[in-house]
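This report looks at how side chains pack and pair in one protein model.

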Amino acid sequence: MCEAIGRFGPGFEPPSKHDLRETLLSQEHARVKSLLQERDAEKMKNGCSIMTDAWSDRKRRSIMNLCTNCADGSSFIKSKEMSAVSHTSEVIFQLVDEGIEEIGPEHVVQVVTDNASNNMGAKKILLEKRPNMFWSSCATHTINLMLQGIGNLPRFTKVLDKAKAFTIFVYGHQGWKKRMSEMNATTQQENVLKRKSDDVGWEYGSLIDPSNLDKVKCMFCNHVSTGGIYRLKQHVAHVSNAVAKCKKSSQEAKDRCKKSLEVASKKRREKTIRELELRDSVNISRVGDEEVNVAGRSEPHKLGPLDKWTRPIDPKLTQAEALHQQKINKELWKKRTHEVQQYVARWMYNHAIPFNACDNDDFKLMCEAIGRFGPGFDPPSKHDLRETLLSQEHARVKSLLKERDAEKMKNGCSIMTDAWSDRKRRSIMNLCTNCADGSSFIKSKEMSAVSHTSEVIFQLVDEGIEEIGPEHVVQVVTDNASNNMGAKKILLEKRPNMFWSSCATHTINLMLQGIGNLPRFTKVLDKAKAFTIFVYGHTRTLECMRHFSSGKEIIRPGVTRFASAYLTLESLLDKKDQLRKMVLDGRWDSLREVKSKNGKAATATIMSMPFWKDVKLCLNVFEPLVKVLRLVDGDVKPSMGFVYGEIVKAKKEIKEVYGNVASRYKDVIDVVEKKMKDRLDSPLHLAAYLLNPYYSYADTNIFDDGTITEGFISCVETFYHGDDSKQDQAVNVELRKFQNREGSFGKKLARTCQNFEYNAASWWKLYGNEVPTLQRMAMRILSLTSGASACERNWSTFENIHTKKRNRLTTERLNDLSFIQFNSRMMAKKQMIKEKKIADVLFSTETTEAQGFIFEGGDECDVVIYRDEDEEEMDNTVPMEVDEQLEPRRSARLRQLYEAEEFDSEEEEFDDEEEKHPDDEDDY
């Protein structure tokens, strides 16, 4: 790909998503098919086997694959969606028979499948039609059944259970690394000068200094080679005049080092030849060598990038001829561009790169940079990507954050922290910061060797404060776990002029979770879940639903369990007419699953008018708080000045839903007020509410509310801790000017604060010059975030980087990669906010938090579990289930992750037992 872009030169246009999905995909399919012709010849010569199996993708579509195998290897033939039909013996036979006809019956010797009963039925049908073929059971499947059966024998079960118990205990406690490291401390000290490499040279040398990989000392003569392990091997093997020869090396050492050098030299030569062959295989049209005669020029003109937009000016040509010449030039460049796009598409297809990556600015910049370099560009090595280039990109991103650092110094910032465990069960704590310009990732720190106590959390936060500068940090934001609250007490003792706030996103989710647990709402949610579980638990019911909903899903995954519940109820209500039409249609009624007990209950739910009435009521009650959640979780603008006022407004709207009848709304409002107490009604929140003219200009009674004014005074005492003069000035002098709208506060233009989209901190900067003490405090407080959701969102960045294929990353490299990716995304998001292209923050591309709507017990699989203050953060001694091991998890919040294609419904209860059909004889 790089060579193709280099030969094209500057101005290359990457392929569009449409081209990648259509034209280029079909062309690459044809190219790969042509490469398999040699394998097809082998099939014709010695015959082949056909293999088939079924699976469900992430959208629960049932897909059957057909593959073939010959002496030259295996090939994929085709896949076919089978969502609308049951996987009966006849259906499987038909698919296999189509594959046989496509390859040629004379070339197929056998069919291979597992031992499921429907496959065995298909075998009988095939052998009746084609008695000269064989149908074999899969050996891999059968041998696994053997091993499984042997493992279930008592004598082996006992051993396996003990081994499992040990590994579950070890991997279930994060402190295991500390204990193991203590046991291996001596060994590590001895090997500190040895590289973790299988290079034979390290058997005869060691590093002088672990930080300098160039200086290696010979174990025979103590000679120090300055060219790394390569020079040492030359020294030992006596193979170079440029290196002093070791006089004490044994013949065996000489032979082994010499052989190692020869192997390395051979690999380099083979790699060079392979790269040259690759470059020579690139075939791009040489438009630049094409020459056209242009009037008025003494020499022929070579086509360049601009020629695809220009036409030759020749007075001898007619207008039609000139236009024709222009079209030729354009076609030449169009062809050349398409040829390069094919190489780009091939790289994307083979490495499963998402198609939307071609719209990424970084990808376009990469293409342009390679084009400007020209042919012969050498892509970076893995070592360069891990070391030099990674550190340089880290430094570049850090320099881009300088503008954000200036905002922190000007109006202060918040610090956010949270913990998680990666795929290697390392406990990692993240530190992020937020200012009016957005959120930034600071660093992550491995904490596997210590328990997450209040003291440990305080120490990490305090280090972050020192790194940013204590004078620039206004508050710390975390969730409500008791160890975080303990860290709060320690911090406020050391830094009494700072605030420690509970995460508003966390608290509002607790409110919504508490309301959702009330009996009247639980009943509705349970019915909705029972319906979606039934529909998504069967391929044919799911296909039927998608038919009537025009391919749209009824489950809409959110970032939390509640967000998924709200969005899914909203989706159900939107599709009410389509769903009611579906259950009345003969297509639905003809499905075998619909006749089961669960199927009849699902039909009754959709036909129930009280159910739809209750769904609407749920949404009306939840919606006011969901609006607040979107505000505090959106990172669109600083939310500290709005969160308290919007919750007050939400409570008023909830009461109106119930007609302001206290007996009907009391339990809902009680939940809101209970979760809000001492979290979102702190002095900081109350002061921000009072200082936000959006509320205080609209309702002057705010200044007469004793709770709010008391909170304001307490906030001033903290903000200007130890400075009695400024406290007196802010409370007794300047607040009155703001309240009475004296001076600039009374200007007509100051009324712009009545617009909810206005910037509160900028408003104070413009109109608060006559009250400098109060102005400084207001600008800093109203520039704060009220939630730590940015720190939560950083887990998705970590999980994208630390995948099953990249689970050997060190914590330092993981930290650098997260710093680059998270901060780059946050800066891009800020630009999207300016362009008003931001998406709903409640939506998620993952189904992790929507499991409760897909299978029974799915709510137990939440990744994000919101804890109350009396709940401890996960300690390093808490064991986990065996299926949870080596999966990324966010502290104690993570439970088992279920992939969308693994959803299974419970066994159905049919009225007529004869309607039940076993699917498999054996399974493993």
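## The largest nonpolar core

The largest nonpolar core has 102 residues, and Ile 515, Phe 622, Phe 712, Trp 763, Trp 764 and Met 777 touch the most other members. Helix α27 (residues 609-633) gives the most to this core: 13 residues. A nonpolar core here is a set of buried Ala, Val, Leu, Ile, Met, Phe, Trp, Tyr and Cys residues joined through side-chain atoms within 4.5 Å. Buried means under 20% relative accessible area, exposed means over 50%, and partly exposed lies in between (1.4 Å probe, protein chains only). Helices (H or I, at least four residues) and strands (E, at least two) are DSSP runs, numbered from the N terminus.

Which residues does Trp 763 touch? Leaving out residues up to four places away in sequence, its contacts (heavy atoms within 4.5 Å) are Pro 693, Tyr 697, Phe 738, Phe 745, Ala 750, Thr 752, Cys 753, Tyr 758 and Gly 768. A second, separate core holds 22 residues, including Cys 413, Ile 415, Cys 435 and Ile 465.

## Basis of the model

The model is predicted: local features need pLDDT of at least 70, side-chain atom pairs count only at pLDDT 80 or more, and totals for chains, interfaces and linings use all residues. Residues are numbered from 1 along each chain as its sequence is written, and side-chain values use heavy atoms, with hydrogens and water left out.

## Salt bridges across the chain

The structure holds 28 salt bridges. Each is a side-chain nitrogen of Lys or Arg within 4 Å of a carboxyl oxygen of Asp or Glu.

Asp 359 pairs with Lys 17 at 3.4 Å, N to O. The two are 342 residues apart: Asp 359 sits in the loop between α13 (319-350) and α14 (361-373), Lys 17 in helix α2 (residues 17-21). Asp 359 is partly exposed at 38% relative accessibility. Lys 17 is also partly exposed, at 29%.

Asp 199 bridges to Lys 233, with the closest N and O atoms 3.1 Å apart. Asp 199 lies in the loop between α10 (185-190) and β6 (205-209) and Lys 233 in helix α11 (residues 228-237), so the pair ties together parts 34 residues apart in sequence. Asp 199 is partly exposed at 22%. Lys 233 is buried at 4%.

## A local pair and a network

Lys 666 and Asp 670 meet in a salt bridge of 2.9 Å, N to O. Both lie in helix α29 (residues 662-676), four residues apart, about one turn of the helix. Asp 670 is partly exposed at 34%.

Salt bridges with shared partners also join Lys 78, Lys 80, Glu 98 and Glu 102 into one network.
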